[in-house]
Amino acid sequence: MTKKQNSLTSNLYIFIVMAFMYLPILVMIAYSFNNSKSRGAWSGFTTKWYADLIQNESILSALLNTLIVAVISSVIATLLGTAAAVGIQAMKKRSRDLIMNFTYLPVMSPEIVMGVSLMLLFVMFKVDFSLFTVIVAHITFNVPYVILSVLPKLRQMDKYLFEAALDLGCTPLQAFTKVMLPEIMPGIITGFLIAFTFSLDDFNISYFVSGERAQTLPVLIYSMTRKRVSPEINALSAIIFVVVLAVLILTNLNDIRRENQLQKGGRRG
Amino acid sequence: MDRTILRRMAAFLCLAALLAANGFACFAGDSFDLDRDNLPYTGDWDAYTYDEEYYGQLRGQGASINFYNWGEYISDGSDDLIDVISEFEDLTDIKVYYTNFATNEELYAKLKSGAASYDVIIPSDYMIARMIKEDMLLPLDYDNIPNAKYMNEGFMDPNYDPGSVYSLPYAWNTVAIIYNTSMVEEEPDSWGILWDETYAGQILMFNNSRDAFGVALKYLGYSLNTEDPDQLREAAELLKEQKPLVQAYVMDQMFDKMENNEAAIATYYAGDALLIDNDDIDIVIPKEGTNKFVDAICIPASAKNKLGAEMFINFLNEPVVNAQNIEYIGYGTANLAAYCLLDEELRDDPVLYPSQEILDNSEMFVNLSDEANLLLDQLWTEVKASNKNVMIWGILPCATIAAIVIGKTWYRRRTAKRHRYMMED
């Protein structure tokens, strides 16, 4: 096979993979402009679903709840998870292995098991379901993901850096914030993003622990399946997709700009 | 002169007798009879106003109610129809916290957990019977629900809630056959079409046990609510027989498949089927009879604001509110005054408001005994698991385990070999 053919097949392969990932989203965006409720037959262009969406209080409040839960739970899970990772790293091998097995357990077990057991736990301790229980549940399942993404960074870090900082007169807290934290920051950010996304689209666990006053978006969408999922959801998903896309593009552009600056600065130096 | 009075009296007596007979029929079963030519409510509904004094009772107290309902099951202000919840909030100053569920069982589980308290819920008939049995509902105080007077007598005193003590109907509907006239030549009138080999691979069937067995039992001429193990087994056999013909077991995916002409025949709730966006679709209620179901409003035992809940129930039965709400939902209403307000087209729709003959043939679900429920679940699993699924479920785990074992041995052997080379070096 020549090189040209090779690049042709690899391009084709990339195209197919991209089509698999993005075609459903593109179709959904297209149908958010469909005149009828149908997800199959096209019957004219309209923006009425977007107009309806802005006025649909139950969808908007579910969206707000989802965002509140995702932000609070992922921030707290990141704090807890980072602290836990630092602690685990400092442990002796045997207790570290033991703790790590406990960390893997919720990640490996089906979400529905987590959901049911958390529900039973809340019921046992007579905690009424509310947004609070949803947030607690989300923190619970998010912490392991943060630990698992911070630990490798800690392992990569030269363990003498921290000691060196102490030798050079840092307090332990200063050594942590000035030396360790910047080193493991990429891991923390990854962990936070993973936690945030998992929290955003979690259905199973929220389904079991959400209360009488607040529900999250996935629970609302699931409840629509007896009648019919409203096209307003297509519109909402389209907006979310475009927003996420915009944020990604902006951060990437920013990265490129910064990298260019660094390179220039490097050359000058 | 005397004669006319006499005639009038005779007519009146006849009417009274008819009404009594009608009332009696409801006690005997569930008659949804409607005399379409003599609608009892007419008048200028445009000038209709709410009873401000009644609805103002909880004003300024920061009152709230928690309302748990099916998704997409209340008019939310789209299509120029009423936004029921915000209209109620404006009228009464009661904040409504609105959340949704997807199945009766989900509702039951949330209530049973005891960690969530609702003031208004809308379960279906058989679930209401179960909740009454388990003391999960509060009796309604009809003094607080004056609009109950608009109810069609045929819906009061149903067998799932004798005396209508705990529930007031919200919406009702039937299960029907939906078919695509461009793909089905004949005009089906029996559940039998779902077993017709001509349409192999083009049939969509319910993906829940109770509805699927309901279809099979009705086709066999048995009751939907039979607890006879032999009859249930017979229905299961029939469903297994049907399985090779079934394209898919679906719920709301039915809409897309029928809209895109991907399937010829389906079963679903009649009112929802009317919303299918395809001109070739026809809907028929089979001659063997069908399942009619009622979703009714109840107040759970854990309710914290019963008066607010009753005001909400009353508001849902304001004729103008009920009529618009039912138009949004697409099912039938049990509120006679609201029925009179509907467009004639909707009122005379044979699918939404079928003839008495069809309804007499139909049954409502009742709550089955635990043993019958268990058997039904087992049989349904058997139906779903029959044929190739057994192969898949047998082979898949074995193959996975085998792959892991082989992979691990290979890896171990490779590392061992490498180790040996290194030693030799």
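Student: What share of the 269 residues in chain A is made up of buried residues?

Tutor: Buried residues make up 30% of chain A. Keep in mind that this is a predicted model.

Student: What makes a residue count as buried?

Tutor: A residue is buried if 20 or more other C-beta atoms lie within 10 Å of its own. In chain A, 30% of the 269 residues pass that test.

Student: Which elements build chain A?

Tutor: Chain A has eleven helices and zero strands.

Student: What share of the contacts in chain A between residues at least 6 apart in sequence joins residues at least 24 apart?

Tutor: The share is 77%.

Student: Where do α3(A) and α8(A) meet?

Tutor: Helix α3 of chain A covers residues 57-89, and helix α8 of chain A covers residues 172-200. Their axes come within 8 Å and cross at roughly 145°. The crossing is right-handed. On α3(A), the residues that meet α8(A) include A:Ala70, A:Ser74 and A:Gly81. On α8(A), A:Gly191, A:Phe192 and A:Ala195 are among them.

Student: What classes of residue make up the contact of α3(A) with α8(A)?

Tutor: The contact has eight nonpolar, eight polar and no charged residues.

Student: How many residues of chain B are in contact with chain A?

Tutor: 30 residues of chain B are in contact with 30 residues of chain A. For a contact, the C-beta atoms must lie within 7 Å.

Student: Which element of chain B gives the most to the side that touches chain A?

Tutor: That is β2(B), with five residues. β1 (64-70), β2 (95-101) and α8 (253-259) of chain B each supply at least two. By class, this side of chain B has twelve nonpolar, eleven polar and seven charged residues.

Student: Which domains is chain B divided into?

Tutor: Domain 1 takes 31-165 + 295-361, domain 2 takes 173-291 + 373-385, and domain 3 takes 395-425. The centres of domain 2 and domain 3 of chain B are separated by 51 Å.

How values were computed:
Residues numbered from 1 in each chain as written. Chains lettered and ligands numbered in written order. Predicted model: local features only at pLDDT ≥ 70, side-chain atom pairs only at ≥ 80, totals over all residues. Domains from an automatic or database assignment. Axes fitted to C-alpha atoms, helices over the stretch in contact; angles between N-to-C directions. Helix = DSSP H or I, 4+ residues; strand = E, 2+ residues; numbered from the N terminus. Left-handed = near helix turned anticlockwise from the far one by under 90°. Contact = placed C-beta atoms within 7 Å. Nonpolar A, V, L, I, M, F, W, Y, C, P; charged D, E, K, R; others polar. Buried ≥ 20, exposed ≤ 12 C-beta atoms within 10 Å, placed from the backbone.
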